[in-house]
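Hello,

Here is the structure I promised to pass on to you. Have a look at it first, and my notes follow below.

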Amino acid sequence: MKRVIFSLIFALLSLEVASQSFYRYRFETPWSISASAGPTQYFGELYSLWKYNEGIQPDWNVNFAVRRVLGTHIKARVEGTYYEISGQDPPADPRSLRQPRNLHFRARNWEASAIGEIYLKPVRQYNITRDFLNFYAFAGVGISTNDPEARLRGEWVPLRPLQVENNPYNKYIIVFPTGIGMKYKANVWADLFLEINYRWTLTDYMDDISAFNVSEFYLDLVRDYGTNGEGPNPDRLRLAIRNPDFIRENGEPDVDKILRNNGRVRRGSGLTERYDGYLSINVGVELYLSQDIWDNWIFRNRIYEKRFRFW
């Protein structure tokens with residue numbers, strides 16, 4: 001009889017401890033933060049994956065975001081991203097006729113965006129009952145810096161102030177992030193996620209190239225260059241025309257040949273897409289903010305009862 005009573009008391013205590021451990025994880029955490037990183041691919045006059053076979057030419061990005069649950073299947077997020085993009089002619093598909101241009105660029109930009117996310121499964125629920133896999137789509141609007149550069153005489157020169165194509169463009173551009181993602185529940189406090197994000201823009205000058213050739217503004221470039229590079233702004237012509245057929249042996253532009261050709265020197269690629277864009281594929285971790293995370297995970301207090309892990 002004593003054994004039966006002892007067994008019942010032990011069972012009740014075990015259930016009580018398990019119940020307390022379970023209910024301790026039954027919290028809602030509307031706020032979360034995330035960090036991620038991955039490759040970034042530019043699309044524009046110096047690269048077009050879907051028109052020509054040019055392989056992948058990735059750079060990289062890092063991202064930090066803050067999220068808030070708004071509805072059963074909806075979250076909102078604000079984020080900041082540092083990203084690098086670049087492009088050049090040498091890897092170009094010969095069918096694109098880009099290689100003779102010998103153009104290139106790089107850009108190191110910052111982006112800030114506000115985005116709405118819609119999930120396949122509910123996100124407004126207790127963390128312990130959160131789904132192990134959840135897919136989502138998102139869209140939003142943001143602003144990005146736009147500072148392309150090109151190498152000249154071994155140094156990277158900012159292109160935007162030079163207005164190579166006589167068409168000024170802004171330092172800041174509007175971007176429209178769109179994409180899909182997948183989240184995996186690592187534990188009650190954290191998710192791992194994979195996200196594909198394409199940014200549409202309203203500019204054709206992320207690479208400082210838009211015009212098909214220089215025929216509309218070559219006289220201005222020549223005037224700024226002068227006869228032997230002694231004009232008021234000779235770097236404009238040096239950076240606008242880098243085609244080997246129009247470069248002298250000393251590396252300077254062949255002004256006479258450019259004038260005889262009436263400026264029909266290839267610059268753009270003739271793409272039908274008007275605006276540039278960039279794609280990122282990021283892997284990261286999302287951390288759900290609650291008092292419990294500080295007490296029981298990061299600064300775990302081992303004085304109390306044994307903690308149970310719930311996945």
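How many helices and strands are there in the protein chain? The chain has five helices and ten strands. Please keep in mind that this is a predicted model.

Some overall values to begin with. Of the 311 residues in the protein chain, 46% are buried. Among contacts with a separation of 6 or more, 73% are between residues 24 or more positions apart. The accessible surface of the chain is about 16,500 Å², and carbon and sulfur atoms account for 61% of that surface.

The structure has three cavities of 30 Å³ or more. The volume of the largest cavity is about 90 Å³. Its lining is made up of 15 residues, and Ser36, Asn63, Glu79, Glu195 and Asn282 are the closest to the centre. Sorted by class, the lining of the largest cavity holds eight polar, five charged and two nonpolar residues.

What lines the second largest cavity? This cavity, with a volume of about 70 Å³, is lined by Leu103, His104, Ala150, Leu159, Asp207, Asp208, Ile209, Leu239, Arg242 and Arg267. By class, five residues of this lining are nonpolar, four are charged and one is polar.

Happy to go through any of this with you.

Best wishes

Terms used
Residues numbered from 1 in each chain as written. Predicted model: local features only at pLDDT ≥ 70, side-chain atom pairs only at ≥ 80, totals over all residues. Heavy atoms only, no water. Helix = DSSP H or I, 4+ residues; strand = E, 2+ residues; numbered from the N terminus. Buried < 20%, exposed > 50% of the residue type's maximum accessible area, 1.4 Å probe, protein only. Contact = heavy atoms within 4.5 Å. Areas by Shrake-Rupley, 256 points an atom, 1.4 Å probe, with all protein chains shown as cover. 1 Å grid on protein atoms, 1.4 Å probe; cavity = no way out; pocket = protein on both sides within 12 Å on 5 of 7 lines; lining within 4 Å. Points joined across faces, edges and corners; volume = space filled by probe spheres on them. Nonpolar A, V, L, I, M, F, W, Y, C, P; charged D, E, K, R; others polar.
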